[in-house]
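Take a look at the chain below. This report covers a sheet, some ring pairs and charges over rings.

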Amino acid sequence: MTTREATPILTFPRTAGKRAPAAAPVTEPPPVLLEEWLPARAIGIECKREHQFMAPFPPNVQLHVWWARRPLAISRAAVLCSLLPADADRGMVERLLGLSGGANAILAAADTLDQARLTGERIPSPFGPRAFSAALPEDAVDAAHRAMSRVWGSLPTVLDPMAGGGSIPLEAARIGLPTAASDFNPVAAAVMLATVDHPLRFGPRLAKRAAFWAKEWKRHVDARLQPLYSGDADTANTYIFARTVPCRETGHPTPLVPDWMLLRPNVVAVPTHVDSQTGTWRTEIKRIGHLAGEVAKAPESTYIRGGGRSLFGSRSTFPAAYVQGQAQAGKLGYVLYAVATKAPKLDFRPPTQADQDALALAEQELARLKPQWERDGILPTQELPEITSDQRPRLYGGKKWTDLFAPRQLLALGVLAEELKRLEPDIRRADDDMADAIVHLLALVVDKVANYDSLMSSWEPTKKAMRSVFDRHDFAFKATFAEMPLSVSGGGLQWAIGNVLKAARQLAELPKAAGAEPAAVQRASATNLWHLDDGSVTAVVVDPPYYDNVQYSELADYFYVWLQRTIGDQHPDWFETDLCPKNEEAVANTARHRALDGMAGDARRDAHAYYERQMLAAFKEARRVLRPDGVLTVMFTHTKTEAWNALAGSLRDAGFIVKASWPVTTESATSLHIRDQNAAQSTVLLCCRPRRASAGTGYWEELRPQVVRAAQAAAERLGAQSLSGVDQLVGAFGPAIGVASAYDEVRDVTGRPVGFDRVMQEAAGAVAAWRAAQLAAQLPSGTGSALADMDAISRAALLWWAQFGSASIAFDQVRLLALALGLDTGDLVQAGVAVRAKGNLALLAAAARRRAQPHLGTAEPEGGHVHPRDERFATALDVCHALALAALEADPPADDPATPPAPAATDEPAPVASPAGTGAARALWNRLPAGQRTQAGALLQALVAATPRAAQFGPGARDFPEFGIWRSLLEPLGLGAAIPWQAPGGGQLMLPTMEAPVRARRGQ
């Protein structure tokens, strides 16, 4: 094993006044692996496997909430490939990345699994262990350390200055590199200590000693809390409550229940014996069905779109404003209406008198203890912030953080915090060397309880479990909430302790390099790394926040107020403010800027400008601490052009040049359907180097051909890895930006500055041209020229399918493609080709474009829609859609049109034209002018060549049947033989006779 030299990064020395020269010369460094190679698709598969259904989360995720963590697989890849030389042995790298059997084996396993999903076959997992849990071979670690030391002169140092939950520094430390991690947020710093410091410093013995003290802690807590939960025969697992407001007619508290379902699909709570005179009611637990004792359907909701319907009187409704008004007047109450039990399996019962008595006793005990607790600082008495992007806690009556908990929940948290402080001196006497770490872990248990015992935690009837406060990244009001009793065997506090300590133990047991040391953790702003010397870091690897995606400090306040009371004395400088500091946070928070300038439009502009200034300052500081030949690797997850433009500008202005970019799909699409093929989210790794001093001005006319070549080369490289068209497009942005970021500025011949938005538009056009050339190469000779001369709308639709392979695409990506073809997205909508839908643009199927009546006159047909009997067609795409409709509508319906079609099987092939349909299409074809046949024939051939796999089989083939029809019409229309498609079973898909054609909806 390579011996690590002593390095200052772990002790953060800082030489007073030492600054890098303003124009430090940068020698041309040797290329690193990330500049030339990354097994991006295999890493993406492992990223998705980290959070696959029915598999335990990685231990760092289980330990404590943090938002938008990057997967460990991509974090390790970013670190390793930023530091290894470009000629590093690929097999060694794949072993270190945990790619079981190598990248090709991962790809083959994924293809096998996809094949099984298409055919519905159940197979054992074809994968090995998940990458983050795979062993780190000692020989591979040694080889990597030697290779790195050869390039950098010693073992390189890694910094993540916006480390958040700690994924990047955890992976850097695990592979044996000197690592530093910092974050501006105190909660993030606290989470990192337990993630990247304590597990490597103390190993598994920390969790073992923490378990000993947790048992003692729980004994004291149980003695105080046990009487405050019902002691009946059924073991309560979860209490399910509804918020209440006074009924407008009777004044009685009426429950707000959006859904009375307790267990999907058929167990519900039913309100019965409703007495409007006394305001009483009770629940019965029923099954939905038609047997004796069952109910036909679930009870009517009493909470609808923020308003509600009373149980009492005439059951009148009331609006959301009434609910909020009652809440702010202090009249929002709560009522227990169901109890989940696990004795011996999950069941439900109505609340008992013992349950009600226990709740009343808890309220009395809280009233007794609360004054003293507030004086002693046991409870968080801070006020909820008035300036915040999420006003719902205040809208629903909250004034202090304690108002986010029901009385018994708050009492339980107070007892946990108080008993932990009482136990701390004993822990210090017995385990002085790691007492802080033990108390730290137990403090995270308090946070875990707070995350599951709140007015914002809830019951999930589908998953048969509780949802935490942060099942979403906000403070959403919950009309119904859930509570886990702490003093229940196997649940409550025992579960929270076990969950946190298991995560701590598993973190300590994760495979790591021999001699791996803890990462050095600091709370510091990325814009002021006061603890680091100039040029002291080899690689900065960072996953920065993305504009307003997550308001980290606002969310972290929820845990800050409790950590301040449990470990605040360990880190007084971290927890000295009332709430998380926000003055230097690098996010776009419109609410804060609206408070300053009072206008929403200005506030959004100012918030974005502030974020961009912070990112520029952070990258400048990264440039200061980075070696002149070092590497900055930025993870970026955003598809909007404005975000890319801002990032690219910040990197250039901070003195960096982008050398390479790699998109890695880190989140799975929700289905295999054609409408969702690009729903997966990619994280882009941007590999950057310090730019030489005084790089001067680049001129667009000279750089434009370089941008085109760089973008097309990137798309070709990513296409060779079978990455999606979206990834090919996004992955081309990095090299294109790299061409422009090699200069201090870029201008055109008139002297006007050229922004990165223009660079990316050029890159998108280059990728589109490259893809069009690929398609033309698959078609008969001469067809390519017809494609080049085709109308822009038809070319846009063709390239949409060829590039993206999905019907619905993020608006910004389609906008770039349209601009590259001289169009605007509005042109596609106006032509009746696409529609806007929730931030996406969606291509319409032929049936959805069908006009009710044919166009037989000379006037231009309205709306750009099409009919198979139109006398003329505006575009080649209209002709292709008309051909498909003519073939589909040639046969009379065989089934009752009122009967919905059966769901398509996953391996059901696309339809083909029947003999009658073929004749109808041929008749339409023969009446077209020769020139239009040339254009439409070329498009039809190209569309078949570009058919997405999801349109060849199953539901996608039913929703977009035109692809199968077009393929079956090629030979009858004299356009050549049908292009082969690969069937789900692995063989070639044949063209069967169409017995039951899929038919488009007929017009009136």
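## Charges over rings

A charge sits over a ring if NZ of Lys or CZ of Arg is within 6 Å of the ring centre and within 35 degrees of the ring normal. The model here is predicted. In it, Arg836 has its charged end over the ring of Phe811, 3.9 Å from the ring centre. Arg408 places its charged end over the ring of Tyr239, and here the distance to the centre is 4.6 Å.

## Aromatic pairs

A pair of aromatic rings is described by the distance of the centres and the angle of the planes. The structure holds 32 aromatic pairs. Take Phe348 and Trp459: their ring centres are 5.8 Å apart and their planes stand at 85°, so this pair is edge-to-face. Phe348 lies in strand S12 and Trp459 in strand S13, so the pair links parts of the chain 111 residues apart. Both residues, Phe348 and Trp459, are buried.

Tyr546 and Phe636 have ring centres 5.6 Å apart and planes at 85°, so they are also edge-to-face. Tyr546 is in the loop between strand S17 and helix H16, while Phe636 is in strand S18, 90 residues apart. Tyr546 and Phe636 are buried.

Ring pairs also build a cluster, with Trp66, Trp67, Trp401 and Phe405 among its members.

## A three-stranded sheet

In what order do the three strands of the open sheet stand? The order is S8-S9-S10, with antiparallel pairing. S8 and S10 are at the edges with a single partner strand each, so one side of each has no neighbour in the sheet. Two bridges join S8 to S9. Tyr303 stands opposite Gly308 in S9.

Methods. Residues numbered from 1 in each chain as written. Predicted model: local features only at pLDDT ≥ 70, side-chain atom pairs only at ≥ 80, totals over all residues. Heavy atoms only, no water. Pairing = 2+ DSSP bridges. Helix = DSSP H or I, 4+ residues; strand = E, 2+ residues; numbered from the N terminus. Phe/Tyr/Trp six-rings, centres within 6.5 Å; stacked < 30°, edge-to-face > 60°. Buried < 20%, exposed > 50% of the residue type's maximum accessible area, 1.4 Å probe, protein only.
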